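I opened the structure today and kept notes as I went. Each entry records something I looked up.

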Amino acid sequence: MLRSVLRRVVVAAAVAGCWLAVSTAPGAQDLALPLKANSVRFAVIGDNGTGAKPQYELAQQMVTYHEKFPYTFVIMNGDNLYGGERPQDFVQKFEAPYKALLDAKVDFYATLGNHDDPNQRFYKPFNMGGQRYYTFKKGNARFFSLDSNYMDPVQLAWLEKELKASGSDWKIPYFHHPLYASGMHGSQVDLRTVLEPLFVKYGVDVVFAGHEHFYQRIKPQQGITYFVSGAAGQLRRGDLKKADFSAVGYDQDLSFMLIEIADKEMTFQVVTRTGQTVDKGLIVQRPGGAEPIVVGGSTPASPVPVPKTSAPKP
Amino acid sequence: MFNFKFKALTAFKAMSAAVAPSLLLTVACTKQPVEKADAPATKVEAPAAVREAPVEAPAAEVDTYVPQTDPAATAEFNKAVAAYVEIHKKADGRVPSLKRTDDPKEISSREIALGDAIRELRASARPGDMMTRDVAKEFRRLIKKDYQARSREDRRIFLDEVPHFRPMVNQRYPSEWPLATFPATLLVVMPKLPDILEYRLLSEALILRDVKANTVADFILDVY
């Protein structure tokens with residue numbers, strides 16, 4: 001038992017040491033993902049659909065990283081289109097900023113935010129299959145796109161059935177409203193009351209949400225790692241508050257996440273508009289829903305330079 | 001003292017135990033036996049290569065609502081909802097069918113056309129046609145109990161994003177306002193709605209929103 005604990009500490013320290021070495025190395029746009037053969041590679045964005053310059057700038061950074069880390073799909077944590085949803089809005093707020101990725105056959109899988117008309121589910125490039133909530137599988141990972149705006153008993157029953165049938169793949173729900181977050185909106189306790197028991201019961205590994213316009217990684221809660229990634233278009237600078245459940249947060253610039261899943265390991269990297277990495281780490285899937293080992297960095301000690309262009313008001 | 005939140009949570013626990021696949025097709029509103037939670041699924045080897053599976057649609061509906069509204073009021077409401085569904089269907093038949101499309105213009109123009117057709121078919125609709133006085137009284141009771149049971153911080157979050165516009169029957173839901181999340185614990189104790197309708201909260205109102213037409217089917221004020 002003691003040897004096992006010591007081994008875990010040594011491994012964690014070694015990886016953390018590596019991370020510190022990498023994080024202090026000069027030069028932005030370093031890739032912190034292993035690029036293993038046959039791995040599942042994707043990006044995560046949230047609250048992106050402003051159509052404003054910062055969204056385009058972050059999208060350009062996503063393109064830059066796609067060249068080094070050819071991810072095949074992107075999950076969208078909601079608020080895909082702010083404001084109007086006229087045909088030109090779909091172009092300005094989605095098709096144009098992500099054109100290079102769409103041209104490269106990167107698929108986008110959307111979820112509905114509180115600013116999204118549910119009829120977005122009929123828009124083919126969002127890959128929602130005409131449904132407000134749906135599931136899909138990539139490699140050994142199963143994703144569950146949920147409609148957190150309207151978590152009715154029918155959706156919960158569907159989720160339970162799908163989670164139960166999903167085997168021991170990585171189980172990754174994503175939706176708009178975070179169960180844990182320490183920003184302006186805070187944790188969505190109502191939602192947590194109904195979702196967390198299902199997540200725990202069926203061994204969910206990782207959860208992605210948006211809504212808060214920053215990045216935040218939550219300390220594992222009952223074996224589940226929660227991420228808030230809601231700053232791919234909107235930014236609420238300085239909104240992160242201290243919270244016991246918070247592991248790492250970053251609210252000084254827009255950001256997106258890159259994820260690689262290889263067998264039982266998920267590696268993640270969080271990148272800003274300027275290409276700086278503000279968090280990265282490894283989550284090891286363990287049998288029986290045991291607490292994952294998360295080794296990662298913390299918010300950089302020195303502030304990351306932020307472009308002068310300002311984000312639109314939330 | 002009647003503890004509304006406790007009852008809502010209890011209802012969810014009961015519901016959660018009742019949705020095992022073997023029970024999925026059971027008749028609505030019957031009490032289900034509680035099944036023991038299954039152990040985590042067995043090991044499945046990761047595939048050699050990344051493969052893709054198509055998006056899967058939701059399965060058949062399961063009725064796990066536990067309405068805590070007066071039965072007579074619930075029946076009255078269900079009848080009004082059924083009448084609205086008929087109007088919606090009729091309107092739906094007048095506009096092009098909506099399929100998945102690459103062209104957002106098809107989505108928005110169809111939504112607008114459907115809203116126009118519904119507006120025409122129920123031009124004389126008035127507030128309270130669906131949520132009648134007795135129904136409104138029940139809904140206010142449930143929402144107020146839920147709201148009053150919340151902490152100050154929880155109320156702040158609850159009201160954080162509710163839109164502040166004054167609703168009108170048949171109006172198009174303004175695109176500049178978000179759709180405030182409807183509390184999950186409240187949804188379970190409200191009467192179930194068909195797919196085309198949903199409950200939504202505004203700053204002082206409860207609305208019934210037509211999801212496909214993006215219109216306000218009915219509303220009641222003073223719900224907190």
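I count two residues as in contact if their C-beta atoms, placed from the backbone, lie within 7 Å. I looked at chain A with that rule. Among its contacts between residues at least 6 apart in sequence, 71% join residues at least 24 apart.

Ground rules next. This is a predicted model, where local features need pLDDT of at least 70, side-chain atom pairs count only at pLDDT 80 or more, and totals for chains, interfaces and linings use all residues. Residues are numbered from 1 along each chain as its sequence is written, while chains are lettered from A and ligands numbered from 1 in the order in which they are written.

**Confidence.** I checked the scores: ipTM is 0.78 and pTM is 0.81. pLDDT is the predictor's confidence in each residue, from 0 to 100. Chain B averages 76, and 71% of the residues score at least 70. Over residues 1-53 of chain B the pLDDT is below 50. Beyond near neighbours in sequence, this stretch still has 73 contacts in the model.

**Chain A.** I found six helices and 14 strands. Helices (H or I, at least four residues) and strands (E, at least two) are DSSP runs, numbered from the N terminus. I call a residue buried if 20 or more other C-beta atoms lie within 10 Å of its own, exposed if 12 or fewer, and partly exposed in between; C-beta atoms are placed from the backbone. Of the 314 residues in chain A, 57% count as buried.

**Tyr65(A).** I located Tyr65(A) in helix α2 (residues 53-68) of chain A. Is Tyr65(A) buried or exposed? Tyr65(A) is buried, because 20 other C-beta atoms lie within 10 Å. Leaving aside neighbours within four places in sequence, Tyr65(A) is in contact with Leu258(A) and Val271(A). Tyr65(A) and Leu258(A) are 193 residues apart in sequence, yet their C-alpha atoms are 8.8 Å apart.

**Loops of chain A.** Leu35(A) has phi near 55° and lies in the loop between α1 (2-23) and β1 (40-45). Leu35(A) has 13 other C-beta atoms within 10 Å, so Leu35(A) is partly exposed. Asp263(A) has a positive phi of about 55°. I found Asp263(A) in the loop between β11 (255-262) and β12 (265-272). With 16 other C-beta atoms within 10 Å, Asp263(A) is partly exposed.

I then moved to Gly275(A), in the loop between β12 and β13 (277-284). The C-alpha atoms of Gly275(A) and Leu58(A) are separated by 8.7 Å, at 217 residues apart along the chain.

**The core.** A nonpolar core is a set of buried Ala, Val, Leu, Ile, Met, Phe, Trp, Tyr and Cys residues joined through C-beta atoms within 7 Å. The largest has 115 residues. Among the members touching the most others are Phe256(A), Met257(A) and Leu206(B). Helix α5 (residues 153-164) of chain A gives the most to this core, with six residues.

**A helix pair in chain B.** I noted which residues meet. Ala73(B), Glu76(B) and Phe77(B) in α2(B) meet Asp134(B), Val135(B) and Glu138(B) in α4(B).
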